[in-house]
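Welcome! Please take a moment with the sequence and the model below, and then we will walk through them together.

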Amino acid sequence: MKLKNILIVVNDMERSIKFYRELFGLQVILDQDGNVIMTEGLVLQDAKIWKNFIQRDLTPKNHMAELYFEEPDLESFVKRLEESEFEIEYVNELMEHSWGQKVVRFYDPDGNLIEVGTPVGS
């Protein structure tokens, strides 16, 4: 078995595509009208479609999962975040763990938790 994608729910598809394209460099591979597959295995699902499918309320900022990215030049990425047109809500601003890894955590425009850290090991 192989994990193929991670799906997150978004309220404004175009805004989310722009967010992940401009800040993370992801590109749209396939747009299936409310379900967009991007590079690196990220799938964006329209919230209305998802809510109808699962028949349950949606809970942004539920802190049950996060998207994790690695970026060697984290200071430049944080500067890009701060200069972007998106209002960034931080969970924790740029910090360094005791083992030397630098990380920043924040929400995407729909309350999906993201962590970006410097690479660990290799």
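What follows is a tour of the sheets, the helices and the pocket.

This is a predicted model, in which local features need pLDDT of at least 70 and side-chain atom pairs count only at pLDDT 80 or more, while totals for chains, interfaces and linings use all residues. Residues are numbered from 1 along each chain as its sequence is written, and side-chain values use heavy atoms, with hydrogens and water left out. Helices (H or I, at least four residues) and strands (E, at least two) are DSSP runs, numbered from the N terminus.

Let us begin with a sheet. Strands of a sheet pair through backbone hydrogen bonds, either parallel or antiparallel. Here, two strands count as paired if DSSP finds at least two bridges between them. β2 and β3 (residues 35-38) pair over 3 bridges in the antiparallel sense; for D31, the bridge partner in β3 is V36.

Contact means heavy atoms within 4.5 Å, and axes are lines fitted to C-alpha atoms (for helices, over the stretch in contact), with angles from 0 to 180 degrees between N-to-C directions. At the start of α2, a side-chain oxygen of D46 comes to within 2.9 Å of the backbone nitrogen of K48. Just after this helix, Q55 takes a positive phi of about 55°.

Next comes another open sheet of 4 strands, in the order β5-β8-β7-β6, again with mixed pairing. The edges are held by β5 (67-70) and β6 (89-96), each with a single partner strand, so one side of each has no neighbour in the sheet. The twist from one strand to the next averages 15°. β5 pairs with β8 (residues 113-117) in the parallel sense over 4 bridges, and Y68 stands opposite E115 in β8. β6 and β7 run antiparallel and are joined by 5 bridges, with V103 in β7 as the bridge partner of M95. The hairpin of β6 and β7 has 5 residues between the strands, and in it G100 takes a positive phi near 100°.

Where does α1 lie in relation to β5, β7 and β8? α1 lies across β5, β7 (102-107) and β8, running at about 5° to β8. α3 packs on the sheet too, touching β6, β7 and β8, and its direction makes about 20° with that of β7. α1 and α3 (residues 74-83) pack at an angle of about 145°, their axes 10 Å apart. In this contact, E22, L23 and F24 of α1 meet F77, R80 and L81 of α3. By class, that makes 4 nonpolar, no polar and 2 charged residues. Ala, Val, Leu, Ile, Met, Phe, Trp, Tyr, Cys and Pro count as nonpolar, Asp, Glu, Lys and Arg as charged, and the others, Gly among them, as polar.

Our last stop is the largest pocket, with a volume of about 510 Å³. On a 1 Å grid over the protein atoms alone, a pocket is an open set of points where a 1.4 Å probe fits, with protein on both sides within 12 Å along at least five of seven lines; lining residues have an atom within 4 Å of a point. Grid points are joined across faces, edges and corners, and the volume is the space filled by probe spheres set on the points. Of the 24 residues that line this pocket, I8, V9, T59, N62 and N112 are the closest to its centre. β1 gives the most to the lining, with 5 residues. By class, the lining has 14 nonpolar, 6 polar and 4 charged residues.

How values were computed. Polar contact = N/O pair within 3.5 Å; in protein donor to acceptor, adjacent residues only side chain to side chain.
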